[in-house]
Amino acid sequence: MKKDDCIFCKIAAGEIPSGTIYEDHDFRVIFDRGPAAKGHALILPKEHYADIYEIDDDLLAKAAALAKKMAVRMTSVLGCDGFNIVQNNGQAAGQTVFHFHMHLIPRYKNDDAKMGWKVHDITDEEIAALVAEFN
Ligand code: AMP
Ligand code: ZN
């Protein structure tokens, strides 16, 4: 299904021009318009799923395989030194476009892309309490 007012549905369908570097039946891979580093690209499924909670399992598996294929190809073409694959879900996690996508971010020694998180302390008891929540 496509969603009428969704920009990534339109880009994935080719209705809005984009810098496309890969396309198949299920996906389009485009360059991000606000790149964190040279070559920052996005994997867009052609069907609309808002996020990881909605996306079909088989399609997600295909997206993961495509992420690997693109990382290999982009590393070869761009000569990057490392690679981040990022996928945000929900506003609290930094998602701004609510059509599932994976960020492919080539990284270069001394680039200024900022990624990561503040590290907090945790005790063995706190880890045990978290484990208990899953049992
Ligand atoms: P997120 O914050 O994970 O939802 O990522 C959304 C990404 O989409 C950001 O990195 C934006 O720079 C990018 N973006 C938004 N609109 C466009 C567009 N029209 N073409 C390409 N990239 C876009
Ligand atoms: Zn969409």
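Which element gives the most to the lining of the largest pocket? That would be α2, with six residues. Before going further, note that this is a predicted model, where local features need pLDDT of at least 70 and side-chain atom pairs count only at pLDDT 80 or more, while totals for chains, interfaces and linings use all residues. Residues are numbered from 1 along each chain as its sequence is written, chains are lettered from A and ligands numbered from 1 in the order in which they are written, and side-chain values rest on heavy atoms, with hydrogens and water left out.

## The largest pocket

The largest pocket holds about 180 Å³ of space. A pocket here is an open set of points on a 1 Å grid over the protein atoms alone, where a 1.4 Å probe fits and protein lies on both sides within 12 Å along at least five of seven lines; lining residues have an atom within 4 Å of a point. Points are joined across faces, edges and corners, and the volume is the space filled by probe spheres set on them.

Around this pocket sit I21, Y22, F31, K69, M70, R73, M74, V77 and L78. Both β1 (20–23) and α2 supply at least two of the lining residues. Helices (DSSP H or I, at least four residues) and strands (DSSP E, at least two) are numbered from the N terminus. By class, the lining comes out as seven nonpolar, no polar and two charged residues. For that tally, Ala, Val, Leu, Ile, Met, Phe, Trp, Tyr, Cys and Pro are nonpolar, Asp, Glu, Lys and Arg are charged, and the others, Gly among them, are polar.

## The zinc site

Now for the metal. Ligand 2, a zinc ion, is held by C6 (SG), C9 (SG), H48 (ND1) and H99 (ND1) at 2.0 to 2.3 Å. Donors are N, O and S atoms within 2.8 Å of the metal (3.2 Å for Na, K and Ca), and since water is not among the atoms, sites may look incomplete. The angles among the four donor atoms run from 104 to 116°, and the site is tetrahedral; that label asks for four donors with all angles between 85 and 135 degrees. For reference, the ideal angle for four tetrahedral donors is 109.5 degrees.

Along the sequence, the donor residues follow the spacing C-x2-C-x38-H-x50-H. The cut-offs are under 20% relative accessible area for buried and over 50% for exposed, with partly exposed in between (1.4 Å probe, protein chains only).

## Salt bridges

The count of salt bridges comes to six, each one a side-chain nitrogen of Lys or Arg within 4 Å of a carboxyl oxygen of Asp or Glu. One of them pairs D26 with K62 at 3.1 Å, N to O. D26 lies in the loop between β1 and β2 (27–31) and K62 in helix α2, so this pair ties together parts that are 36 residues apart in sequence. D26 is buried at 19% relative accessibility, whereas K62 is partly exposed at 43%.

Another bridge joins D81 and K109, with their closest N and O atoms 3.9 Å apart. Here D81 belongs to the loop between α2 and β4 (82–86) and K109 to the loop between β5 (102–107) and α3 (124–133), so parts 28 residues apart in sequence are tied together. D81 is partly exposed at 47%, and K109 is exposed at 66%. The side chains of D111 and R107 also meet, at 2.8 Å from N to O, with D111 partly exposed at 23%. Beyond these pairs, salt bridges that share partners join E23, R28 and K46 into one network.

## A positive phi, and two long spans

N110 has a phi near 70°, a positive value in a residue other than glycine. Most residues other than glycine have a negative phi. N110 sits in the loop between β5 and α3 and is exposed, at 81% relative accessible area.

Finally, the segment before α1 holds both K2 and D4. K2 is partly exposed at 43%, and its C-alpha is 25 Å from that of P35, 33 residues apart along the chain. D4 is exposed at 73%; D4 and T75 are 71 residues apart in sequence and 35 Å apart, C-alpha to C-alpha.

Notes. Tetrahedral: all angles 85-135°; square planar, octahedral: opposite > 155°, others 65-115°.
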